[in-house]
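Open the model in your viewer and keep the sequence panel beside it. We will go from stop to stop, with something to select at each one.

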Amino acid sequence: MDKETLNKRISAGNFVENNGSVLRTINILKTKFNRLKDIKYALNIEKNDIENSINYLYEAGYLHLRHVESKQPSSLADTDFDVLESKLTAKGIQLLAGVIQDECVEI
């Protein structure tokens with residue numbers, strides 16, 4: 001196995017693990033929005049890696065994202081990471097409860 005293949009496998013494994021860590025952390029305060037930068041700080045995950053996880057979880061329908069000040073719904077494609085906050089959707093709660101499964105999220 002070459003170095004590039006090994007790095008891709010490590011990155012893919014981290015992605016799946018990071019997705020679960022992000023969901024579980026956001027779940028701690030189920031009914032409140034959490035700033036993404038606070039989640040990043042709590043998990044100590046590289047910004048690029050947590051952005052990839054947040055983007056996947058949002059696109060998969062597991063997270064609500066909104067602007068911290070305006071409270072308007074948004075996405076990472078439209079708004080800077082540091083001014084977004086998130087909470088779980090019903091689908092995100094179902095995933096954590098084991099009602100649904102996603103191979104890209106390690107619970």
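**Stop 1**

Select D82 and K47: their side chains meet in a salt bridge, 3.8 Å from N to O. D82 lies in the loop between strand 2 and strand 3, and K47 in helix 3 (residues 47-59), so the pair ties together parts that are 35 residues apart in sequence. A salt bridge here is a side-chain nitrogen of Lys or Arg within 4 Å of a carboxyl oxygen of Asp or Glu.

Now colour by accessibility. D82 counts as partly exposed, at 32% relative accessibility. K47 is partly exposed too, at 31%. The cut-offs are these: buried is under 20% relative accessible area, exposed is over 50%, and partly exposed is in between, with a 1.4 Å probe and protein chains only.

A word on what you are viewing: this is a predicted model, where local features need pLDDT of at least 70, side-chain atom pairs count only at pLDDT 80 or more, and totals for chains, interfaces and linings use all residues. Residues are numbered from 1 along each chain as its sequence is written, and side-chain values use heavy atoms, with hydrogens and water left out.

**Stop 1: the whole chain**

Zoom out and switch to cartoon. How many helices and strands are in the chain? There are 4 helices and 3 strands. Helices (H or I, at least four residues) and strands (E, at least two) are DSSP runs, numbered from the N terminus. Trace the chain along its sequence and you read α-β-α-α-β-β-α.

Show the surface next. The accessible surface of the chain comes to about 6700 Å², and 47% of that belongs to carbon and sulfur atoms. These areas come from the Shrake-Rupley method with a 1.4 Å probe; for residues, only the protein chains shown count as cover. Of the 107 residues in the chain, 34% are buried.

**Stop 3**

Two strands pair if DSSP finds at least two bridges between them.

Now keep strand 2 and strand 3 (residues 84-88) on screen. They run antiparallel and are joined by 5 bridges. For one example, select H64 and find K87, its bridge partner in strand 3.

**Stop 4**

Is E85 buried or exposed? E85 counts as buried, at 6% relative accessibility.

Show its side chain with that of R66. The two meet in a salt bridge of 2.6 Å, N to O. R66 lies in strand 2 and E85 in strand 3, so the pair ties together parts that are 19 residues apart in sequence.

Through shared partners, salt bridges join R66, K71 and E85 into one network. K71 itself is partly exposed, at 40% relative accessibility. A search of the whole structure finds 3 salt bridges.

Next, show the neighbours of E85. Leaving out residues up to four places away in sequence, E85 touches several residues, including F33, N34, H64 and V68. Contact means heavy atoms within 4.5 Å.

**Stop 2: the nonpolar core**

Select L23, L36 and I54. Of the 19 residues in the largest nonpolar core, these touch the most other members. Helix 1 (3-27), helix 2 (36-43), helix 3, strand 2 and strand 3 each give two or more residues to this core. A nonpolar core is a set of buried Ala, Val, Leu, Ile, Met, Phe, Trp, Tyr and Cys residues joined through side-chain atoms within 4.5 Å. In soluble globular proteins, nonpolar side chains tend to be buried together.

Centre on L23. Beyond its neighbours within four places in sequence, L23 is in contact with L57, Y62, L63, L88, L95, L96 and V105.

**Stop 3: L76 in the loop**

Finish at L76, in the loop between strand 2 and strand 3.
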